[in-house]
Amino acid sequence: MAIATLLVLGAVGYLLLADRGRGDQPGVAPVPVAGSPTGLSGALLMARAVDRNDPRRAGELLVLKGGDPHPLAGDELACERVYFAGGRGLCLAAAGGDGYEATIFDRTLQPLQRLPLAGLPSRARVSADGRYGATTVFVDGHAYEKPTGFSTLTTIVDMGSGVELGNLEDFAVSRDGGPFDAVDFNFWGVTFQRANPDRFYATLHTGKHYYLVEGSVFGRTMRVLRDGVECPSLSPDGTRIAFKHRIGADRWRLEVLDLDTLAAHQVGERRSIDDQAEWLDDRTLVYSNGLDVYTVAADGSGTPRLVLRNATSPLSLEPQGQSVESKPAV
């Protein structure tokens, strides 16, 4: 297993996308972007391309296969946030004008449903079986909102029908066995359990607290587990959560939490990372610093490795046994 993990990490480290906005980093050999093949069943990662001059602008989708990055053909899916699991994907982006929308797409990258979003895209997740999706957007207009603060809106959707199943602000929350409620509740960063997609984790922000909550889609309930957890991401084996821990104003460190003990440790990434990390496998995290994609060991050992230039919103395809296909590039 250890040898296999080293081989995977070695292969991922080789997958470097050519820099389109900056000079080459020392020791990094860019790999030319190949054309899009008709079948991408061996893809390891999916991400969205980034324009370094305008990182917020929606970008085309990329996948990594056979040691090379491949852009996916099609103009329908230019995303600001993207996620794919269980044969269904979510692409969050501007809808034209001042609006935003979420596009549900299939494994052939064909749009199935388009859902309006209430604000600027922030996070997206899909359950491993493709049944549920979660979107988080930034919104304004809440009475409690401070001039320098922000508000979020997080919803669960049925990925088959596109029907909204619930706004997390309408779910019942408990803490220490009793009801818990406040006017300034904000939720973000949903992550679904693989074995039971009805069960999810998310961040609840109220006052100066950033609580990790565990919830049920069907039960429309959540309970507080501990403080100090933002943008949780559940490991494939369901035993740990990767998250960002706030260490100052707009500064975070990536950490990993053991769900049995609720104890956490830092990983080898020492920069401030504002992202919802993804698990490449049970031992490796993949994430973006807003411009490029990196991996780092989940156990706290080692140092970060650059694996994709000019990309964000990375998601793992391999542990989920997924395949994604695209039309040949025209």
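In this predicted model, Asn186 has His205 of strand β16 as its bridge partner. That pair belongs to the contact between β15 and β16, where β16 covers residues 199–206 and the two strands run antiparallel, joined by five bridges. Both strands are part of an open sheet of six strands, in the order β14-β13-β18-β17-β16-β15 and with mixed pairing. At its edges lie β14, residues 178–179, and β15, residues 186–192, each of which pairs on one side only. Strands of a sheet pair through backbone hydrogen bonds, either parallel or antiparallel.

The loop between β15 and β16 holds Asp198. Is this residue buried or exposed, and which side chain of opposite charge is nearest? Asp198 is buried and yet has no salt bridge, since the nearest side chain of opposite charge, that of Arg131, is 6.6 Å away, whereas a salt bridge requires a distance within 4 Å. The side chain of Asp198 does, however, reach the backbone nitrogen of Phe218 at 2.6 Å. Leaving aside residues up to four places away in sequence, Asp198 touches Tyr132, Gly215, Ser216, Val217 and Phe218.

Another antiparallel pair is formed by β5 and β6, the latter covering residues 88–96, and five bridges join them. Within this pair, Arg81 has Leu92 of β6 as its bridge partner. Two residues stand between the strands of this hairpin, in which Gly86 takes a positive phi near 60°. Why can β5 be called largely enclosed by the rest of the structure? Strand β5 spans residues 81–85, and five of its five residues are buried, so the strand is largely enclosed by the rest of the structure. In a regular strand the side chains alternate between the two faces of the sheet. In β5, Arg81, Tyr83 and Ala85 point one way while Val82 and Phe84 point the other way, and all of them are buried.

The confidence of the prediction should be kept in mind when reading the model. The protein chain averages a pLDDT of 83, and 78% of the residues score at least 70.

Key. Residues numbered from 1 in each chain as written. Predicted model: local features only at pLDDT ≥ 70, side-chain atom pairs only at ≥ 80, totals over all residues. Heavy atoms only, no water. Pairing = 2+ DSSP bridges. Helix = DSSP H or I, 4+ residues; strand = E, 2+ residues; numbered from the N terminus. Buried < 20%, exposed > 50% of the residue type's maximum accessible area, 1.4 Å probe, protein only. Lys, Arg positive; Asp, Glu negative; His and termini not counted. Polar contact = N/O pair within 3.5 Å; in protein donor to acceptor, adjacent residues only side chain to side chain. Contact = heavy atoms within 4.5 Å. pLDDT = per-residue confidence, 0-100.
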